[in-house]
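Hi there,

Here is the structure I promised to pass on to you. Have a look at it first, and then read my notes below.

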Amino acid sequence: MSRVFIVRASMVAILCLSSFAVMSAQLPEPDGGTIERGTSPAHWLSQGSKCMEIPEWQVHEYNPNFFILRQSPCTDYEKPFVFLFFGKDKALLADTGSRNGNIVPAIQVTVKNWLARNGRTSIPLLVVHTHEHRDHVWGDKALQAMNDAAIPVTLLPAEVEATKKFYGIEHWPTDIGHVDLGGRVIDVIPIPGHSAASVAFYDRNTAILLSSDSLYPGRLYVQDFAAFQASTERLIAFTKDKPVAHVLGNHIEETSTPFLDYPVGTMYQRQEHELALSRGSLLELEDALLSLHGVPQRLALRDFSVWPSGPKFTRPGDRERFQQHEKEEMERMWDHTAQPGVH
Ligand SMILES: [Zn+2]
Ligand SMILES: [Zn+2]
């Protein structure tokens with residue numbers, strides 16, 4: 001075999017391998033593959049103001065080893081989501097909720113039910129964060145003080161240096177970190193832009209991407225546009241050769257009507273958008289950012305909007321829109337309670 005032929009043959013092999021890498025985001029058959037599947041709820045208990053009927057945290061079992069919890073709208077209008085993964089050796093909780101979110105009892109019940117179901121008496125809990133904003137770290141202190149022998153807690157503060165060290169990220173934000181829960185590896189992708197310490201999590205078992213406040217059906221508040229755009233591009237590159245079952249962010253602020261959000265500060269959201277987005281939304285976000293040519297401005301897309309943060313981007317009418325919405329909700333409530341027999 002000539003040297004030229006060997007070189008050509010190895011180039012063909014490399015080309016084949018690289019095209020396989022690009023193709024492997026798709027599965028060979030529409031049979032679900034080896035992805036650990038699960039279901040999302042038809043709707044969340046966030047649609048109305050029946051606060052006596054809504055738990056402080058609604059716990060949704062996506063599958064036996066992955067849970068999505070949402071804070072009650074009655075406790076805080078942010079009503080964020082937090083995520084609980086179980087591996088063989090450890091559990092991981094991403095975020096701890098917003099103000100007035102009494103998260104400890106919900107975590108204790110969920111973890112203890114999992115322990116009982118799996119014939120175990122304890123499991124260490126890693127408490128980590130998608131980012132450092134107050135509506136995602138409020139429960140940190142309470143979880144640290146939980147002092148439950150069945151659930152020993154290790155808390156990773158939402159700071160860049162601690163995050164780098166813990167996940168083994170040498171170069172921030174371009175390297176990818178990892179955490180192994182035992183039979184469950186979660187990749188950690190730095191995505192600064194919405195905030196300095198934002199990260200995304202990719203769970204290899206369920207193929208779920210947690211996109212933090214950087215992509216969700218609602219207002220994507222952008223602090224640093226250049227960093228946000230670069231992070232979006234890195235997330236697209238990271239997921240290029242991986243299946244993505246769902247992209248799950250931290251809030252819902254969009255209605256189920258295309259291009260329409262709830263006013264800032266809305267507590268109860270009737271007919272809200274579903275939580276899950278797809279990798280297609282990442283591509284759409286990248287397109288939208290490119291169309292701005294580096295000039296921050298608001299841009300409404302079908303399922304979310306790009307929203308530069310800071311007072312100079314507040315528009316006249318934002319506050320009035322919120323007040324009008326609240327007035328209509330109050331009137332609707334009174335109408336409802338005035339009708340006998342309607343619940
Ligand atoms: Zn945030
Ligand atoms: Zn948030």
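The average pLDDT of the chain is 89, and 86% of the residues score at least 70. Where pLDDT is low, the predicted coordinates should not be read in detail.

Now to the metal site. Which residues coordinate the zinc ion (ligand 2)? They are Asp135, His136, Asp213 and His251, at 2.1 to 2.2 Å. The angles between the four donor atoms run from 86 to 158°, so the arrangement is irregular. Aspartate 213 also bridges to the zinc ion (ligand 1), and the two ions lie 3.5 Å apart. Aspartate 135 sits in helix H3 and histidine 251 in the loop between strand E12 and helix H7, so this pair ties together parts that are 116 residues apart in sequence. Both aspartate 135 and histidine 251 are buried.

Next, the aromatic rings: a search of the whole structure finds ten pairs. In one of them, phenylalanine 67 and phenylalanine 86 have their ring centres 5.8 Å apart and their planes at 85°, which means the pair is edge-to-face. Phenylalanine 67 belongs to strand E2 and phenylalanine 86 to strand E3, and both residues are buried. Tyrosine 167 and phenylalanine 201 also pair edge-to-face, with 6.2 Å between centres and 75° between planes.

Finally, look at lysine 242, which lies over the face of phenylalanine 238, at 4.0 Å from the ring centre.

Enjoy exploring!

Technical notes. Residues numbered from 1 in each chain as written. Chains lettered and ligands numbered in written order. Predicted model: local features only at pLDDT ≥ 70, side-chain atom pairs only at ≥ 80, totals over all residues. Heavy atoms only, no water. Donors = N, O, S within 2.8 Å, 3.2 Å for Na, K, Ca; no water. Tetrahedral: all angles 85-135°; square planar, octahedral: opposite > 155°, others 65-115°. Helix = DSSP H or I, 4+ residues; strand = E, 2+ residues; numbered from the N terminus. Buried < 20%, exposed > 50% of the residue type's maximum accessible area, 1.4 Å probe, protein only. pLDDT = per-residue confidence, 0-100. Phe/Tyr/Trp six-rings, centres within 6.5 Å; stacked < 30°, edge-to-face > 60°. Lys NZ or Arg CZ within 6 Å of the ring centre and 35° of its normal.
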